[in-house]
Amino acid sequence: MRSMNGTRVVVIGAGIVGAACARELALTGGFQVTVVDRGGAAEATTAHGEGNVLVSDKGPGPELRLAQLSRRLWPETLAAVAARSPRAADVVRAVEWDPKGGIVVATTEAGAAELTRFAAAQRAAGVRAEPLDAAALAAAEPHLTRDHAAALHYPEDAQVQPAAAAAALLGDALAHGATLRTGCEVRGARTRGGRLTAVRTTEGDLAADLVINAAGPWSGRLAARLGAPVDVRPRRGDILVTAPLPPTVFHKVYDADYVGAVGSSAEDLQTSAVVEATRGGSVLLGSSRRRTGFDDRLRPDVLSALAAKALRLFPGLAGVAVMRAYGGFRPYVPDHLPVIGADPRLPGLWHASGHEGAGIGLSLGTARLLRDLVCGAEPEIDPAPFRVDRPAVLGASATAPSEESA
Ligand SMILES: Cc1cc2nc3c(=O)[nH]c(=O)nc-3n(C[C@H](O)[C@H](O)[C@H](O)COP(=O)(O)OP(=O)(O)OC[C@H]3O[C@@H](n4cnc5c(N)ncnc54)[C@H](O)[C@@H]3O)c2cc1C
């Protein structure tokens, strides 16, 4: 690894991706890391994710390889963070790491054939995907509909409490010398000889040798402000949260058509049934996808579509109390792959963004990849598919006007 002694890094965004990147760089001991956020830590998209760390919804390819790397890193990273914390038990409790496994259910014969084909390809790529017969499925999820055509168990799927996980990662970065500036918005760049030398913020200039754009769904707008636009846009998602229930849902359970909704680029509403419990007993009913800019209104048509699909999987939830609903903006790139690496148009600028609906799970692998690239080390996985200068990222070269407000 190249020595980076004293290199000043500004990480823009204190969500889970920025926190994970700041931690990896701070742990090397060679960087002076400053994390800046216009709000507070983990207050934005990261506070609105469900916290699934999934391999089950990814087909063979670069995103799955990043997910597999991340899945390996999660338990070892959390153990290391907790071991270094003076409040290890509190960290473990707050982060709620739960390797509960996922169950994917196909409710039609066509869906069953597609799920079986998808799982075979995943197995060839090293994913554990185990068919469940009716009896095994009923034992695993007693309240799940019996009206299904096929089901698969993915034992590697897991869950974390995303905001707590981000706080733990950030806390570890701070313990290793990083600093955090909240309420500090980045407005633009200062350059010398075509190289980024500082960011302009609402609190004055911050000098930097490296700047990492980890601004989640605002990465497109931030990159444009810095003079190197990338096509990262918001893709809205909403969730219904029930009041705490006695144990009812034991895995992450979702309809096989979820994978199609994730991979779709449609602007209009996509919904599929995604149901899981949190450690507090609430059941989360998701998920929706819509591209309507930063419009954060909760809409009855979306929430009723979510509820209807979830009830097809768990009819017994029809009478439970819904405590609240919330939504957030996934950072979407048209080719559904994150953007990780140096920006060739503006030396000094790096991006770690565009994780769409998987940024919680993928944060650790992203940060490890970024660290290796920054330090000139051999990355564990091929970084090329995530590079900045690919057509999907630079093609439109700017966020579409309708998706730019807020
Ligand atoms: C409903 C829903 C469910 C989801 N479920 C899951 C899931 O189960 N599993 C999963 O892995 N992912 C899930 N996701 C996706 C996941 O939440 C995101 O991919 C992830 O949180 C992105 O993290 P981030 O750090 O990139 O962005 P953010 O958490 O949004 O952080 C970006 C930060 O940048 C700051 N910022 C922006 N502009 C500026 C600026 N100019 N100056 C300073 N600061 C700035 C913001 O204030 C923000 O704090 C879900 C998303 C939604 C909406």
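**View 1. The area buried between domain 1 and domain 2 of the predicted model.** About 2200 Å² is buried between domain 1 and domain 2, and carbon and sulfur atoms give 59% of this area, where buried area is the accessible area (1.4 Å probe) that two parts lose on being put together, summed over both. Glu50, Ser56 and Glu356 supply 30% of the area that domain 1 buries against domain 2, more than any other three residues. This is a predicted model, in which local features need pLDDT of at least 70 and side-chain atom pairs count only at pLDDT 80 or more, while totals for chains, interfaces and linings use all residues. Residues are numbered from 1 along each chain as its sequence is written, and side-chain values use heavy atoms, with hydrogens and water left out.

**View 2. Salt bridges between the two domains.** Between domain 1 and domain 2 the count is 2 salt bridges, each defined as a side-chain nitrogen of Lys or Arg within 4 Å of a carboxyl oxygen of Asp or Glu. The side chains of Glu356 and Arg235 form a salt bridge, at 2.5 Å from N to O.

**View 3. The surroundings of the ligand.** The ligand is surrounded by 37 residues, and the closest are Asp37, Thr45, Thr46, Glu356 and Gly361; a residue is counted if one of its heavy atoms lies within 4 Å. A backbone N or O atom of Arg38 lies 3.0 Å from a nitrogen atom of the ligand, and a polar backbone atom of Glu50 is likewise 3.0 Å from a ligand nitrogen atom. For Gly51, a polar backbone atom is 3.2 Å from an oxygen atom of the ligand.

Definitions and conventions:
A polar contact is a pair of N or O atoms within 3.5 Å; within protein, one must be able to donate a hydrogen and the other to accept it, and residues adjacent in sequence count only if both atoms are side-chain atoms.
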